[in-house]
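Where does this structure leave open space, and what lines it? The report below takes the pockets in turn.

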Amino acid sequence: MSVQRNLEIFNKIKPKIQFGISFSTIYVSTESLKHRILIKATLISTILCLVSTILHIANTFQGKFTGNLAMSLTYCFGCIQIISKTLFMRYNRNNLLELLDKVQSLHNNFENKELNSIAEKNLTKFSNIWETCFKLGKVIIMITAFGLSISSTIKGKSGIIIQIPLIPNDIPCSSQIMLFMQLILSEFGAIFIFYLDITIAFFGFEIMAASDILYEYISANKDRIQEDPEFLKILTIRYCQIVDYIKQFNDIVSIANLVQFVTNAFLSLAIFFFVRLYPRHPVGYSTAFIALFELFIPCAFGEFIKIKMERLSTTLYLTNWYDLNLKDQKSFLLVLGMTQREYGLRAAGMYDVNIYTFIKIVKMAISWCAFIFTMETVLDRGS
């Protein structure tokens with residue numbers, strides 16, 4: 001398979017990634033008029049949704065945790081998460097574009113035909129996975145947002161979870177206006193969440209592809225390390241390249257992951273409480289699925305990157321490096337020393353981004369939910 005074919009794989013999805021970067025960083029200078037309007041409208045809608053939910057909570061909260069309050073908090077923390085992640089992504093826009101250029105070099109910089117063939121297989125596999133996630137993710141998140149809004153519409157006035165500034169509650173059709181605006185804001189928020197997460201997911205998949213390419217190449221050549229003088233050079237360059245990808249990717253998403261952990265903990269609490277109050281309400285379960293899946297994505301990438309780097313380290317150690325001459329052995333031992341470090345994702349340099357962290361956050365949210373629900377029950381009986 002030619003290098004040109006590998007570039008075609010990348011060029012097929014590159015426009016989506018570039019638009020995703022523009023969307024997640026609120027950078028409209030390079031986009032068409034239609035995309036500029038969409039990006040600006042989505043940002044304005046998200047800010048308006050945050051202000052509206054805060055106003056609604058302030059005007060309706062009466063010291064009791066209700067289903068309406070739970071959904072208002074869900075919207076509120078969702079908007080806080082989107083705006084915060086967008087600010088950090090905007091700050092790292094140049095790093096994102098630089099990482100995109102480096103990832104592109106992964107598709108067109110091969111030292112031999114064997115490496116090119118291995119790369120083509122893995123890049124195609126991960127590109128297809130990303131394309132599938134792109135199509136399914138857009139449909140699922142939009143349907144969930146639409147379903148949530150329709151459910152609120154059916155409830156009527158009790159389903160209102162926002163208060164649009166400067167629009168009095170006593171004007172004719174005020175409830176219908178609020179419910180319609182709720183639908184619009186929900187859809188725009190869903191679009192924002194989708195492009196934020198799918199853009200980050202792309203770089204995670206590319207790092208995993210780079211790791212698998214090097215792993216398969218080492219596995220196929222570990223017994224020929226003496227016969228192929230270029231093998232050690234390729235191995236060293238490629239491994240350092242992967243480490244550089246991980247470091248830069250981690251720098252970009254580190255603070256954003258911390259924000260996601262904190263906001264998702266409160267999001268999950270609010271959604272779990274809603275599900276507990278209305279166990280037969282299908283929208284509660286679909287919303288919980290979206291919130292948990294959004295939290296699961298970075299944790300899964302962190303876990304897989306760590307596992308793949310550990311596997312790569314083990315494969316390197318099992319090569320016949322001891323058959324090399326003394327000079328090459330010293331060079332190889334330097335690479336082995338690098339592999340002993342743990343490579344993964346960390347949130348703000350403090351918390352590991354992995355499945356264990358995902359489980360801890362979910363358990364914490366469930367515990368909070370059970371505690372609040374118990375307190376509400378006790379207070380209701382006491383009154």
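Helices here are DSSP runs of H or I, at least four residues long, numbered from the N terminus. By that numbering, α7 gives the second largest pocket the largest share of its lining, five residues. The model is predicted.

**Second largest pocket.** This pocket holds about 320 Å³ of space. Its lining counts 17 residues. Nearest the centre lie Ile246, Asn250, Glu342, Tyr343 and Gly344. Two helices, α7 (229-277) and α8, each supply at least two lining residues. By class, the lining divides into five nonpolar, four polar and eight charged residues.

**Largest pocket.** The volume of the largest pocket is about 460 Å³. It is lined by 22 residues, and Cys133, Gly137, Ile198, Phe293 and Ile297 are the closest to its centre. Elements that give two or more residues to this lining are α5 (113-155), α6 (174-221) and α8 (282-317). The most comes from α8, with nine residues. The class count for this lining is 18 nonpolar, two polar and two charged residues.

| Largest pocket | about 460 Å³ | 22 residues | α8, nine residues |

Methods. Residues numbered from 1 in each chain as written. Predicted model: local features only at pLDDT ≥ 70, side-chain atom pairs only at ≥ 80, totals over all residues. Heavy atoms only, no water. 1 Å grid on protein atoms, 1.4 Å probe; cavity = no way out; pocket = protein on both sides within 12 Å on 5 of 7 lines; lining within 4 Å. Points joined across faces, edges and corners; volume = space filled by probe spheres on them. Nonpolar A, V, L, I, M, F, W, Y, C, P; charged D, E, K, R; others polar.
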